[in-house]
Amino acid sequence: MKILITSDSHGKKDLLEEIIKRENPDYTIHCGDFCTDLIELPDVPLTVVRGNCDWEQVPEEDIYEVDGLRFYVTHGHLFRVSQSGLPLKYRAEEKDAQIVCFGHSHYPVCDQVDERLYINPGSIKQARGFAYPTYSLLSIGSDQQIEVTYHQVDGTPITERGGTYQLKVKK
């Protein structure tokens, strides 16, 4: 299974559609700050949460479950992710999530802490503290091995981010 994880598109709906068309994911997660009318988001299987710049009435957090893995999705501003990872860590524990997807900082992060994988795909519109705008892809293998890759918005792989991970699958 291939999951596209994006965030902070800030009105770049055409670019988001282009990335989805090129990558052809089985599922898409948008971690907020889409900044368009909800009906303008691509008509694909999608989890989307509200960021600090969104006006649409979508949840501020959501859960997505697939293949025994529980994803917790939030924008991150309510957990002050630009200052500390602790509030987000506590919320992920409360939600019993193995994979935590968040945005807000526009900075790509992929880090396993204990039994949780934290993924910030960066921003497809404007990077902060990183050379270029980014998104990530998460692939779940038949052995439940998780591979996370990062890409520039034109699809060029970014080798200094991502990796291969093994998490405990819930039965």
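**Salt bridges in a predicted model**

E94 is exposed, at 57% relative accessibility. Exposed here means over 50% relative accessible area, buried means under 20%, and partly exposed lies in between, with a 1.4 Å probe and protein chains only.

Quick note on the source. This is a predicted model, where local features need pLDDT of at least 70, side-chain atom pairs count only at pLDDT 80 or more, and totals for chains, interfaces and linings use all residues. Residues are numbered from 1 along each chain as its sequence is written, and side-chain values use heavy atoms, with hydrogens and water left out.

Back to E94. What does E94 pair with? R91, in a salt bridge, with the closest N and O atoms 2.7 Å apart. A salt bridge means a side-chain nitrogen of Lys or Arg within 4 Å of a carboxyl oxygen of Asp or Glu. Both residues sit in helix α2, 3 residues apart, about one turn of the helix. Helices are DSSP runs of H or I, at least four residues; strands are runs of E, at least two; numbering starts at the N terminus.

Next pair. K95 and E61 form a salt bridge, N to O 4.0 Å. Distant parts of the chain are linked here: K95 is in the loop between α2 (86–94) and β6 (99–101), E61 is in strand β4, and 34 residues separate them. K95 is partly exposed at 24%. E61 is partly exposed too, at 25%.

Third pair. E60 bridges to R50, also 4.0 Å, N to O. Both lie in the loop between β3 (46–48) and β4 (61–66), 10 residues apart. E60 is partly exposed, at 36%.

How many salt bridges does the rule give? The count is 10.
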